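Keep the model open while you read.

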Amino acid sequence: MAHQKSTVGTPLKLSCGLVLKNRLVKTAMSEKMAVGGKPTSAHGRLYAKWAQGGWAALITGNIMVDDRYTGGEGDVAVPSTAAWREETLHTWTAWAQAGAKDGCHMIAQLNHPGRQSPAGAGKRSWFAKTIAPSAIPLNLGDTCIARVASAIVFGTPREMTQADIDDIVAKFASAAHLAAQAGFQGVEIHAGHGFLLSQFLSSTSNRRQDAYGGTPEKRARLVLEVIRAVRTQVPAPSFCIGVKINTADFQANPYAYQDMLCQIALLRDEKVDYVNLSGGTYEDPTMLSTTHSEPPSSSPSAPSGSSKSNEDSASATRKPRDAFFLQASKDVRVQFPDLPIILTGGFRSSTGINTALEDGACSAVGIGRPAVKYPDLPNKILGLHSFSGGISVDGGKDEHFEVESAPGGSGMLAKMIRSVGAGAESKYWAEVMRRI
Ligand SMILES: Cc1cc2nc3c(=O)[nH]c(=O)nc-3n(C[C@H](O)[C@H](O)[C@H](O)COP(=O)(O)O)c2cc1C
C-alpha cells in the first residue's frame, strides 16, 4: 500500500524557507563512530545511504559543543582549541555533503550533556566534575546498586556559574557557525532527554534562584539565549533552527505540563522552525522504550535483513500501536496549531504515521531505530521500493517496520539500574549503524 498521495508524501515548508520533500525525518541517533571527536568516512557512507533512502531530512547524532564534556567514546565534539578548527571544518563538510543529496537536508544536532556526562568522558580530567544548573546527581533508581553506580559513573555535578552559562551560550553559537560553514542546512538545539538544556528547563534538576531558575520562563532563559546567539552566527533567514524537547517527564505532574506549554510558547515566540517532541532521560529512558519492539535477536541484524525475527513478524497479526508521545503531541498541537511539530519515538507502521499526520498530531515524524534497520524506509513507505525483505505486511492492509530489542536490555541489572536497558539498546543500534 503506497502512501505517496497521502500526507506523508506531501512537502512541508518551514518558516526559514527549507522545504522537506516529505514528512519522514531520520531522527538524531548518536553514531558513536567519531575518531578523536571528528566524523569519518564511515559517517559519510551512512548518511549517503540514508539520503538515497528518501528521507526528507537527516538529523545527525548529537554533536557535543564542548569536547571537555561528552557522552563517551565515539561522540562527535567541537574542539576547544582553535588549531583543530580547520581540520574539523573539513570533516564536517564531507559529512554534510554526503547526506545533502537527492533533496535531503542535513541538520546538525547540537548538545551539551551536563550532568549526563560520565566521569572521564570528554577532555577533562577524571576528577573534574561535570556541570549542571544545580548540584543534583542523577537518580538511576532506588536500589543500593543504582545509587552506587550513579555516584561512581556520574557523580554530583558542579552548579554552573554565570561565566559557565555565558561560555555555554558561546559554545552553541560557535558550533552552529561551524555547522553553517560546513554546509549543513540547519541545526537542532538539543533541549531534551535530560541533557544540559533540558536540565535547565526542568524544575527537578534546576533549583537555581538566579535569573535562570524558579519560574518556567526563567528556566527557559538559557535555551532562549542559545537560540538568539545561534541566530547571529548562521545565514539569516534561510538556515533552519529547530529545538528538541521532552514531553513525557512533564506528564506526571500537572504543573509541569503547564510549564511545558509556557516554555513551548516561548520557543514559538522565538520563531524556531520546528519543535521536535520526544521524551525520557537517563533517569527514565522512555525514548528508548522497547514496548514496540520484537524480542532480541542473538546478534545485531544486518540492515534491511531477512532475519528469522522478521520472517516471524511477517506472519504475525499486528495491532496498530501509537507513537510513544502521541497524546502529548496532540495536546500541544491544540495549543499551538501553527507551530511545526516533529513527533519522535515509537512509529512502527505506515498507518500509524499517516494517522498521526492526518489527525494533526504533528507536521512530520522522527524515526530512529527503524531508520537503522530499513535505511530506505521512506522509499518503501512512498511506494518507490518494494515492501518485501524484512518488513511485515499485515494481510496487505498495512506495512509494519518492526525492530528487535537489544539483548541484555531486560536482565536483572536493567531492573536495578534504570539506564542499563537504554544503554544496551543504544549500543546495539550503534553497532547496526556501523554495519550499514
Ligand atoms: C543508538 C541511538 C542513539 C541515540 N542518540 C540520540 C541522540 O544523539 N540525540 C537524541 O536526541 N536522541 C537520540 N536517540 C533517541 C532517538 O532520537 C529517538 O528519540 C528514539 O530512538 C525513539 O525513536 P524510535 O522509537 O523511532 O527509535 C538515540 C537513540 C538510539 C537508538
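## Ligand shell

Helix α16 gives the most to the shell around the ligand, with four residues. Helices here are DSSP runs of H or I with at least four residues, strands are E runs of at least two, and both are numbered from the N terminus. Two helices, α13 (369-373) and α16 (418-435), each supply at least two residues of the shell.

The ligand has 26 residues around it, and Ala28, Ser30, Asn62, Gly368 and Arg369 come nearest. A residue is near a molecule if its C-beta atom, placed from the backbone, lies within 6 Å of it. By class, the shell has nine nonpolar, 14 polar and three charged residues. Ala, Val, Leu, Ile, Met, Phe, Trp, Tyr, Cys and Pro count as nonpolar, Asp, Glu, Lys and Arg as charged, and the others, Gly among them, as polar.

## Model and confidence

This is a predicted model: local features need pLDDT of at least 70, side-chain atom pairs count only at pLDDT 80 or more, and totals for chains, interfaces and linings use all residues. Residues are numbered from 1 along each chain as its sequence is written.

The chain averages a pLDDT of 89, and 90% of the residues score at least 70. pLDDT is the predictor's confidence in each residue, from 0 to 100. Over residues 305-316, pLDDT stays under 50. The model has 18 contacts for this stretch beyond four places in sequence. A contact means two C-beta atoms, placed from the backbone, within 7 Å. Where pLDDT is low, the predicted coordinates should not be read in detail.

## Fold and core

The chain has 16 helices and 16 strands. Of its 436 residues, 53% are buried. Buried means 20 or more other C-beta atoms within 10 Å of the residue's own, exposed means 12 or fewer, and partly exposed lies in between, with C-beta atoms placed from the backbone. Among contacts with a separation of 6 or more, 75% join residues 24 or more positions apart.

The largest nonpolar core has 115 residues. Such a core is a set of buried Ala, Val, Leu, Ile, Met, Phe, Trp, Tyr and Cys residues joined through C-beta atoms within 7 Å. Ile189, Leu343 and Val365 have the most contacts inside this core. Its largest share, 10 residues, comes from helix α4 (residues 162-182).

Leu343 is in contact with residues beyond four places in sequence, among them Leu277, Ala356, Cys362 and Val365. Its partners also include Leu326 and Ser329.

## Backbone details

The peptide bond from Ala236 to Pro237 is cis, with omega near -10°. Pro237 sits in the loop between α7 (221-231) and β11 (240-246).

Which side of the burial cut-offs does His193 fall on? His193 is buried, because it has 25 C-beta neighbours inside 10 Å. Its phi is positive, about 55°, although His193 is not a glycine. Lys271 also has a positive phi, near 60°. Lys271 is in the loop between α9 (254-269) and β12 (274-278). It is partly exposed, with 13 other C-beta atoms within 10 Å.
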